[in-house]
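Here is a short report on one protein structure. Take a look at the model, then read on.

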Amino acid sequence: MNKFIKIEKLDPETEKWNKYYEGYAEVNKATGKEYFNAKTNITQNTYNFKLRYISKLEDTIFNTNQYRIIYKNNIFDIKNVDDKQEKRLKLTFVADCVTI
């Protein structure tokens with residue numbers, strides 16, 4: 001776990017993203033695809049971010065739409081969070097980075 005990431009949480013009242021967590025993760029690209037839509041080139045990449053479990057991140061498991069990951073100045077929308085067999089050892093975040 002050697003890649004620095006940030007997790008931000010959406011404040012529903014102000015609709016602004018606020019710093020929630022900063023730390024290190026293991027980052028792996030899972031899939032990638034590129035397509036054209038109305039003369040626009042769209043690239044979608046899915047990444048897996050593995051972090052050590054901490055109780056503060058437990059809320060992300062069931063509320064993925066309220067959180068996002070910032071990695072290398074890119075914004076990643078969290079699609080799924082997996083706590084393998086609910087052992088509370090590591091969390092795997094599956095997140096998409098869509099660039100137009």
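Which residue in β5 is the bridge partner of Arg-68? The partner is Asp-77.

## About the model

This is a predicted model, in which local features need pLDDT of at least 70 and side-chain atom pairs count only at pLDDT 80 or more, while totals for chains, interfaces and linings use all residues. Residues are numbered from 1 along each chain as its sequence is written, and side-chain values use heavy atoms, with hydrogens and water left out.

Arg-68 sits in strand β4, residues 67–71. Strands (E, at least two residues) are DSSP runs, numbered from the N terminus. Two strands pair if DSSP finds at least two bridges between them. The two strands form a hairpin with 2 residues between them. In the turn, Lys-72 has a positive phi of about 50°.

Is Arg-68 buried or exposed? Arg-68 is buried, because its relative accessible area is 15%. Buried means under 20% relative accessible area, exposed over 50%, and partly exposed in between (1.4 Å probe, protein chains only).

## The nonpolar core

The largest nonpolar core has 22 residues. Those with the most contacts inside it include Ile-69, Phe-49 and Phe-76. β1, β2, β3, β4, β5 and β6 each supply at least two residues of this core. A core is a set of buried Ala, Val, Leu, Ile, Met, Phe, Trp, Tyr and Cys residues joined through side-chain atoms within 4.5 Å.

## Aromatic pairs

The whole structure holds 7 aromatic pairs. Phe-4 and Tyr-24 are edge-to-face, because their planes are at 65°, with centres 5.5 Å apart. Rings of Phe, Tyr and Trp (its six-membered ring) pair if their centres lie within 6.5 Å; planes under 30 degrees apart count as stacked, over 60 as edge-to-face and the rest as tilted. This pair links strand β1 to strand β2, 20 residues apart. Phe-4 is partly exposed at 37%, and Tyr-24 is partly exposed at 48%.

Phe-49 and Phe-76 also form an edge-to-face pair, 5.2 Å centre to centre with 75° between the planes. Phe-49 is in β3 and Phe-76 in β5, 27 residues apart. Both residues are buried.

Technical notes:
Helix = DSSP H or I, 4+ residues; strand = E, 2+ residues; numbered from the N terminus.
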